[in-house]
Amino acid sequence: MVASVDLVFLGTGSCYPSPTRGASSTVLRINGECWMFDCGEGTQVQLQKSIVKPGKITKIFITHLHGDHLFGLPGLMCLIQGTANGLATNLDPLKLYGPVGLAQYIRTSLKLSGTEFTRPYQVFEFDIENTLNKVTNASSEDLHRNEIQCVRIRINHNSFFAFEEGQFKVMAGILKHRLPCVGYVVTEKQSPGTLKHSTTQKKQVSLLDHFYGKIKSGETIVTPNGIEITPKMVIGPPKPGRKVVILGDTCDNTEIEHLCDDASIVVHEATHQDELKDKAIECGHSTPSMAAEFCKRVRAKSLVLTHFSQRYKDEKDECKNEDD
């Protein structure tokens, strides 16, 4: 069965939320389950205006620890986790991924505010700057009451393996920014090929539905009249799965390129216009042309630009200002 996959953009602005554009946050929906990427200030308000149900969020991926990608997280966790005075509909642990420091930020915010949940959470941190021996993990005595011990993930072949679940695998790659930053690549496993159109065996297999399932799974079958049919005889090549690339802030994405080849869609920041390329790079950001060049190099099928500077106003606002 083909998975239902789509993207919901809750916030596409940089720096802070405005009346017309929320701070960074994107949700990837896979068969109803929701994975959130970044959680800027005000994300829980945007979430409640959207088609995304808070209780369906099972994983949150943070690209880096700048506030416009992170400040909405404690409040959002209260909304989707269920506080001690509320009830969480999903009691499985909420899983969060991001650079080293994410667990400490969440723990400190929750402890200082006296916040408790009715379900646990666990953080998985990417050791981007090889700080495993420099930044100690919290002891069990220091954990928040609802926190499961943080897991540190080391870099391997210039990337991080986050997890594999069902038909999808999530990897993270390093991006150049002012703080340690990653981009995420969600890859769907390849699916079996379809029956070849020009084979006499097709009729024999299609007449026997239970044989069709076996041969698609890689088994060799023997028909009632004694004919042996192998998968290679009647099944075409496997179909590649979809690949969704969601990048954090960056002025240089070469280190993640090897993960992004033939992407179905790339979500890439474009904080400044091309005329301000030097300023963008100085601040660790990109322009539309820089994003397009990256997509050309990795042969991406689609590109979505996001993380726009607040200097760029909505066209309606500009028209209103001109009228004034």
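Two strands pair if DSSP finds at least two bridges between them. Helices (H or I, at least four residues) and strands (E, at least two) are DSSP runs, numbered from the N terminus. This is a predicted model, in which local features need pLDDT of at least 70 and side-chain atom pairs count only at pLDDT 80 or more, while totals for chains, interfaces and linings use all residues. Residues are numbered from 1 along each chain as its sequence is written, and side-chain values use heavy atoms, with hydrogens and water left out.

**Exercise 1. Work out the strand order of the open sheet of 6 strands, and find its edges.**

Step 1: Read the order, which is E8-E9-E10-E13-E14-E15, with mixed pairing.
Step 2: Look for strands with a single partner: E8 (159-165) and E15 (303-306) stand at the edges, so one side of each is left without a neighbour in the sheet.
Step 3: Ignoring direction, neighbouring strands of this sheet are turned by 15° against each other on average; the axes behind such angles are lines fitted to C-alpha atoms (for helices over the stretch in contact), and angles run from 0 to 180 degrees between N-to-C directions.
Step 4: Zoom in on E14 (residues 265-269), which runs parallel to E15 and is joined to it by 4 bridges. Here Val-266 stands opposite Leu-303 in E15.

**Exercise 2. Find which residues of helix H2 (residues 73-81) are buried, and where they lie around the helix.**

Step 1: Buried means under 20% relative accessible area, exposed over 50%, partly exposed in between (1.4 Å probe, protein chains only).
Step 2: Leu-73, Pro-74, Leu-76, Met-77, Ile-80 and Gln-81 are the buried residues of H2.
Step 3: Seen down the axis, they fall within an arc of 160°, so they line one face of H2. The arc is taken from the directions from the helix axis to the C-beta atoms.
Step 4: Among the elements covering them are strand E3 (33-37), helix H1 (43-49) and strand E5 (94-99); contact means heavy atoms within 4.5 Å.
Step 5: After H2 comes Gly-82, with a positive phi near 85°.
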